[in-house]
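Here's a quick briefing to read with the model open beside you.

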Amino acid sequence: MSIQSRVILLLLLVCLLLTGCYHDPEPPQYAPVQMQEQTLEQLHLSPPEPDSPVIAAWIPYFTVDALLTASDPKAAVTAYLTGLRDLGVNTLFVHVCAFGESGYPSAYYPLLPTAAKQNVMELFQPVCRELGISFHAWLNPLRLQTEAYMDAQSGDSALRAWYQDPEARAAHLSKWDGRYYLNPAADSTCEFLTGAITELISQYHPDGVHIDDYFYPTAETAFDAQDFAVSGASDLSAWRRGNITELMHQMNSAVH
């Protein structure tokens, strides 16, 4: 056998030995994921009938405005909700405060201009009762209006009083990208929102209160640099999460 043949044979033998020694590693073993279905109790929803599924529709502020300004608001709402009921909807979330203006008279918020002649709660709730639809009030807790809108607001309300007073505005409100917000770091924000929710529930008794956009409007440090410095906290993100968590806790307590 030539030297070349012997080298080739040796290489083949080495390859066979290496192949026989190699084993695929065992794939990692994970515990099976337990699938959980969200319950009505966790959602804090009461369906029209026991064990009935919640089939909901959300009515945003711009749809509310369109219905309020219809030639016959009650007829428009009745026709709109009847169509939803016929589709199987049994729960309604209606935007009653999207930009710090309430669709009903309030000691806390200026009145939504389109609600000057027609109270949103008094317009929607009776129709929902007639159709067997559960009515839930939907609001945005922190977001307010632009400076031009807030300058034009009228009437007596806690929010308008804060805005008109330069010191109160600095203490209770924050401004970012041309829009005002309730200051998430201020204790007064919790007091304001729990009071506003208590007012809503005690006057109108909706089946539920739902919130939207309860987060900071930006991640930029300039938004709340002064409040953060005064707080003594070292982690901005954790501090902000703590502010929102406390706000959610207080609002939840007020509702329940």
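**Aromatic pairs**

Tyr-216 counts as buried, at 12% relative accessibility (buried is under 20% relative accessible area, exposed over 50% and partly exposed in between, using a 1.4 Å probe and protein chains only). Phe-223 is buried as well, at 8%. Before going further, note that this is a predicted model, where local features need pLDDT of at least 70, side-chain atom pairs count only at pLDDT 80 or more, and totals for chains, interfaces and linings use all residues. Residues are numbered from 1 along each chain as its sequence is written, and side-chain values use heavy atoms, with hydrogens and water left out.

- Searching the whole structure turns up 11 aromatic pairs; rings of Phe, Tyr and Trp (its six-membered ring) pair if their centres lie within 6.5 Å, with planes under 30 degrees apart called stacked, over 60 edge-to-face and the rest tilted.
- One of them is Tyr-163 with Tyr-180: the ring centres are 5.3 Å apart and the planes sit at 85°, so this pair is edge-to-face.
- Tyr-163 belongs to helix 7 (residues 158–164) and Tyr-180 to strand 6, so their pairing ties together parts that are 17 residues apart in sequence. Helices (H or I, at least four residues) and strands (E, at least two) are DSSP runs, numbered from the N terminus.
- Both partners are tucked away: Tyr-163 is buried with a relative accessible area of 4%, and Tyr-180 is buried at 6%.
- Tyr-216 and Phe-223 also pair edge-to-face, at 5.8 Å centre to centre with 80° between the planes.
- Tyr-108, Tyr-109, Trp-162 and Phe-192 make up one aromatic cluster.

**Charges over rings**

- Tyr-163 has the charged end of Arg-169 over its ring, 4.0 Å from the centre. To qualify, NZ of Lys or CZ of Arg must be within 6 Å of the ring centre and within 35 degrees of the ring normal.
- Arg-143 lies over the face of Phe-99, 4.1 Å from the ring centre.

- Three strands form an open sheet in the order 4-6-5, with antiparallel pairing; two strands pair if DSSP finds at least two bridges between them.
- Strand 4 and strand 5 are at the edges with a single partner strand each, so one side of each has no neighbour in the sheet.
- On average, neighbouring strands here are turned by 30° against each other, direction ignored.
- Strand 4 (residues 143–146) pairs with strand 6 over 2 bridges. Thr-146 stands opposite Arg-179, while Arg-143 has Tyr-181 as its bridge partner.
- Strand 5 (residues 173–176) is joined to strand 6 by 4 bridges, and Ser-174 is partnered with Tyr-181.
- Strand 5 and strand 6 form a hairpin with 2 residues between them, and Asp-177 in the turn has a positive phi of about 55°.
- In a regular strand, side chains alternate between the two faces of the sheet. In strand 6 (residues 179–182), Arg-179 and Tyr-181 point one way, Tyr-180 and Leu-182 the other, and all are buried.

**Where two helices cross**

- Helix 3 (residues 61–68) and helix 5 (residues 120–131) have axes that come within 11 Å and cross at roughly 90°. Axes are lines fitted to C-alpha atoms, for helices over the stretch in contact, and angles run from 0 to 180 degrees between N-to-C directions.
- That makes helix 3 roughly perpendicular to helix 5 (65 to 115 degrees; under 35 is roughly parallel, over 145 roughly antiparallel and the rest oblique).
- Val-64, Leu-67 and Leu-68 of helix 3 make the contact with Val-120, Leu-123 and Phe-124 of helix 5, where contact means heavy atoms within 4.5 Å.
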